[in-house]
Amino acid sequence: MKLSLLLPVTAALFAGPAHAQTASKPASPPPANLACGVLKAEASKTGSTSNWTVSGPSGKNTETGVLKSGPRFECVDGAVLTVEFTSTAGHSFFDAYFPDGTNIGYGRQQIDRRGGRVVLPIQAKGRIAAPYRAAFDYHCKLSMPADPISPAMRAECAF
């Protein structure tokens, strides 16, 4: 009989009082406008359609789409403007705009982030002007016959 009393008392002790959990603070929304050195990004939304423009020394690039998320703007090293977005079909994209007027773009699955830095495929390094190459780290995960990774390039890969 003592055992039958012990179980409910033990269960009550282990259950203890329920502790209230506070809701985590929601992340702030990405900026709709961002200035990054000589580059400027602006976004707006009309209904389900997102519109964004990147302006710089070489002119304006405007895009429109129905997106699952984004566009998300970021300024890398005070000079390179990045734009990330995901289409409603689930395809994610990454574009980097440089002050010299060039830009590169990749599917998001080809981009990593480590230690707060953007990690691009090593093949991108040769397409980026020398002053901006140090703004990124590089990986060697994307080896393709049309765009091979040489042994010299491998030495510069973070992974």
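Accessible areas here come from the Shrake-Rupley method with a 1.4 Å probe, and for residues only the protein chains shown count as cover. By that method the protein chain exposes about 9900 Å², of which carbon and sulfur atoms supply 58%. This is a predicted model, in which local features need pLDDT of at least 70 and side-chain atom pairs count only at pLDDT 80 or more, while totals for chains, interfaces and linings use all residues. Residues are numbered from 1 along each chain as its sequence is written, and side-chain values use heavy atoms, with hydrogens and water left out.

The pLDDT, the predictor's confidence in each residue on a scale from 0 to 100, has a mean of 81 for the protein chain, and 80% of the residues reach 70 or more. Over residues 3–28, however, the pLDDT is below 50, and this stretch has zero contacts in the model beyond near neighbours in sequence, a contact being heavy atoms within 4.5 Å.

Helices (DSSP runs of H or I, at least four residues) and strands (runs of E, at least two) are numbered from the N terminus, and the protein chain has three helices and ten strands. Read from the N terminus, the elements run α-β-β-β-β-β-β-β-β-β-α-β-α. Among contacts with a separation of 6 or more, 29% are made by residues 24 or more positions apart.

Of the 159 residues of the protein chain, 33% count as buried, where buried means under 20% relative accessible area, exposed over 50%, and partly exposed in between, with a 1.4 Å probe and protein chains only. A nonpolar core is a set of buried Ala, Val, Leu, Ile, Met, Phe, Trp, Tyr and Cys residues joined through side-chain atoms within 4.5 Å. The largest such core has 20 residues, of which V80, A96, F98, I104, L120, I128 and F136 touch the most other members. Strands β6 (92–97), β7 (103–107) and β9 (117–121) each supply at least two residues of this core. Apart from it lies another core, of twelve residues, among them L34, F73, F85 and Y97.

W52 is buried at a relative accessible area of 3%, and F85 is buried at 10%. The rings of F98 and Y132, with centres 5.9 Å apart and planes at 40°, are likewise described as tilted. Because F98 lies in the loop between β6 and β7 and Y132 in helix α2 (residues 130–133), this pair ties together parts that are 34 residues apart in sequence.

E84 sits in strand β5 (residues 80–87) and is buried, with a relative accessible area of 10%. Its side chain makes a polar contact with the side chain of R113 (2.4 Å), a polar contact being a pair of N or O atoms within 3.5 Å, where, within protein, one must be able to donate a hydrogen and the other to accept it, and residues adjacent in sequence count only if both atoms are side-chain atoms. D95, in strand β6, is buried as well, with a relative accessible area of 13%.

Technical notes
Phe/Tyr/Trp six-rings, centres within 6.5 Å; stacked < 30°, edge-to-face > 60°.
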